[in-house]
Amino acid sequence: MENLGRVTPATALVLEVLLSVDSVWGLQIVKDVGKKPGTVYPILDRLEAAGWVQGEWDSTEERKGPRRRYYRLVAEARPLASEYVKVQRAKALSTASRTSPVMSEGQWCGA
Amino acid sequence: MRGVRRTETLLAICVALTPRHLRAVREEQWRADLRDGPGLGISPTSLIFGAVCSSITARFYELLYRGSTLLSRFIKGDNMKLALGMVGAAVVLMGGAFAGIQANTKAEQAVASPSTEDRSHPECYDAAKMNDPNDFCYQTIGPWNSRLLTADEVRSVASLDQMISAGHPTDQIQRYYPEYQPDAK
């Protein structure tokens with residue numbers, strides 16, 4: 001399992017979805033994180049290449065034609081993924097709570 | 001119909017861009033997503049764009065991996081000797097080629113302008129007259145770089161009579177045959 005290096009907010013969102021379920025369809029991740037497939041597909045590819053997730057085919061026999069690709073977070077990656085998600089959440093909270101130094105009623109309100 | 005054809009074409013391009021070992025998996029995955037994506041409110045256009053991004057990213061990482069593998073193989077020393085030898089040979093060849101070009105350039109410059117030791121034969125140092133049939137040196141020695149010949153060498157290939165019949169001025173003949181006096185003839 002390789003180190004991911006830089007983890008973007010979008011990657012953290014994908015990891016959060018993977019942490020919440022055992023196995024999930026790739027497009028379902030796209031729907032849940034609210035990002036485009038152009039963002040999510042490369043993230044999943046990168047996670048798979050790094051050994052964090054394992055791709056597997058849908059085993060439902062009822063569905064004919066091409067099979068859906070499901071993704072599962074490997075056990076070794078779960079603690080690290082949780083850590084990344086926590087850090088991103090903290091960053092997001094601190095950004096949201098920080099007041100921006102903008103003009104308010106004509107007066108400078110810098111921290 | 002046109003839209004389906006376009007989607008198929010774009011999908012084929014994405015598959016072609018994808019590294020070989022991933023093509024079968026990705027193609028089936030994308031086809032399944034194209035079939036079921038609209039049911040989740042995800043448009044085929046968006047999915048195709050995702051496939052393009054995915055294939056380009058995969059290709060980029062594969063090239064990056066290949067490049068770093070090749071580099072690490074060299075750095076580890078597996079082919080270090082061979083690589084060093086090739087680099088060394090290339091440097092020597094380039095150096096030799098450069099030296100040769102430099103020497104040639106200097107030689108050509110020497111031909112163009114007369115040097116101090118050859119001022120005694122100015123007529124043989126005019127590059128424009130090298131192949132001039134009316135030139136004294138050309139007439140006496142033929143199409144030859146006459147500057148390479150000393151006075152003795154010129155005399156050995158061109159007799160006084162030859163020089164006279166070539167019609168060259170007295171002073172030029174006297175460079176090679178100082179004893180020549182036209183009045184004496």
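Modeller: Buried residues (under 20% relative accessible area, with over 50% called exposed, partly exposed in between, 1.4 Å probe, protein chains only) make up 28% of the 185 residues in chain B. This is a predicted model, where local features need pLDDT of at least 70, side-chain atom pairs count only at pLDDT 80 or more, and totals for chains, interfaces and linings use all residues. Residues are numbered from 1 along each chain, chains are lettered from A in the order written, and side-chain values use heavy atoms, without hydrogens and water.

Biologist: How many helices and strands does chain B have?

Modeller: Helices are DSSP runs of H or I, at least four residues, and strands are runs of E, at least two. Chain B has eight helices and zero strands.

Biologist: Is Cys53(B) buried or exposed?

Modeller: Buried, because its relative accessible area is 19%. Cys53(B) lies in helix α3 (residues 44-76) of chain B. Contact means heavy atoms within 4.5 Å, and Cys53(B) touches Gly38(A) and Pro42(A), leaving aside residues up to four places away in sequence.

Biologist: What area is buried between chain A and chain B?

Modeller: The size of an interface is often given as the accessible area lost when the parts come together. Here it's summed over both parts, with a 1.4 Å probe. For chain A and chain B that gives about 1,800 Å², with carbon and sulfur atoms giving 59%. On the chain A side, Leu27(A), Tyr41(A) and Pro66(A) lose the most area to chain B, together 29% of what that side buries.

Biologist: And how many salt bridges are there between chain A and chain B?

Modeller: A salt bridge puts a side-chain nitrogen of Lys or Arg within 4 Å of a carboxyl oxygen of Asp or Glu. There are four between chain A and chain B. Arg26(B) forms a salt bridge with Asp45(A), with the closest N and O atoms 3.0 Å apart.

Conventions. Buried area is the accessible area (1.4 Å probe) that two parts lose on being put together, summed over both.
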